[in-house]
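The sequence and structure are shown first, and the description follows.

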Amino acid sequence: MKKLFTLLFILVFSLAYCQTTNTINLNFQKDRNTWQKLTYDLGNMAGGMGYAYTRPLYWKKKQLANFGYVAAGTVALYTIDDNVDTWADGWRNDVPRWLTDYGNDIGSPNNNFMLTGAVYLTGLFTDSPKLRRTGVLLISSAAASGLLQQISKRIIGRARPKTNVGKDVFDPFHIDRVYNYDSFPSGHVMLGFTNAYAIAKHFESPWVKAGLYTIGSIPGISRIIDRFHWISDVAFSTAISIFIVEAIDRFLDTKYDQKYNDQRKQKKVVWDLQVTPQSFGVTMNF
């Protein structure tokens, strides 16, 4: 597993560098055959991951301020992690098991990549540009999220709630994963919400978007119920998922004719993540 992450890390940044410097050209003519489309898409998946990882290097005042709000909101939730975990004891057993099982299953890497892979292959073999691009967005966003959280949780080493040692205990800087000390961030939350947020881009209705966001939030709720994660883990992972999808989507705008971002300017209602030192939630702007 460690070798796999190392090879993936090198591949992502090598392809990202090559695309940035134009040392390789993965573009073909529009009448590409299936193999050429697959090759082109794989290059864009890796390039999208590299683009998302390097965006902080180009942040300006607004982006830095937004990150500051996310960090401040996470710290604020960190102060009440134990309280939320204790409060959840009062209703944990009342939540239907099928709901928590769904959250745990849909956020697992195996199920996630089976779903995203099926979307992409369907778009590839049915020659559907929109579905194919969606598959590229889903796979690259999930891969970027998965790699980031696997590296981060080894560096941070935060104890899970179920260890019963409290929110302040850390065992950081491990190359190999230390189970029950890998709480921050949450891979299930990042994978689950990444899919929901990416799919929601296809719909203009705020109610459809809200429904998808709700479904995408189930893994986070499930992980809190089963005491795998703290509320601050879930909130931060959700925010990072949104950032990754938005970054990769903008990268793909330069590679494909299908552009979903253009629809935002025409919308009368926009759903957005709002994080401040005093609050964390989803806002609806008219």
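Isoleucine 240 touches Leu148 and Met190, with residues up to four places away in sequence left out and contact meaning heavy atoms within 4.5 Å. The model is predicted: local features need pLDDT of at least 70, side-chain atom pairs count only at pLDDT 80 or more, and totals for chains, interfaces and linings use all residues. Residues are numbered from 1 along each chain as its sequence is written, and side-chain values use heavy atoms, without hydrogens and water.

Isoleucine 240 lies in helix 10 (residues 231-253), helices being DSSP runs (H or I) of at least four residues, numbered from the N terminus. Its relative accessibility is 15%, so isoleucine 240 counts as buried (under 20% relative accessible area, 1.4 Å probe, protein chains only). Between isoleucine 240 and methionine 190 there are 7.4 Å in space, C-alpha to C-alpha, and 50 residues in sequence.

Met190 and Ile240 are among the residues through which helix 8 and helix 10 meet. Helix 8 (residues 187-200) also packs against helix 9 (residues 206-225). Axes are lines fitted to C-alpha atoms over the stretch in contact, with angles from 0 to 180 degrees between N-to-C directions.

| Helix pair | Axes come within | Crossing angle |
|---|---|---|
| Helix 8 and helix 9 | 8 Å | roughly 175° |
| Helix 8 and helix 10 | 8 Å | roughly 45° |

Helix 8 is therefore roughly antiparallel to helix 9 (angles over 145 degrees).

Technical notes
Helix = DSSP H or I, 4+ residues; strand = E, 2+ residues; numbered from the N terminus. Parallel < 35°, antiparallel > 145°, perpendicular 65-115°, else oblique. Buried < 20%, exposed > 50% of the residue type's maximum accessible area, 1.4 Å probe, protein only.
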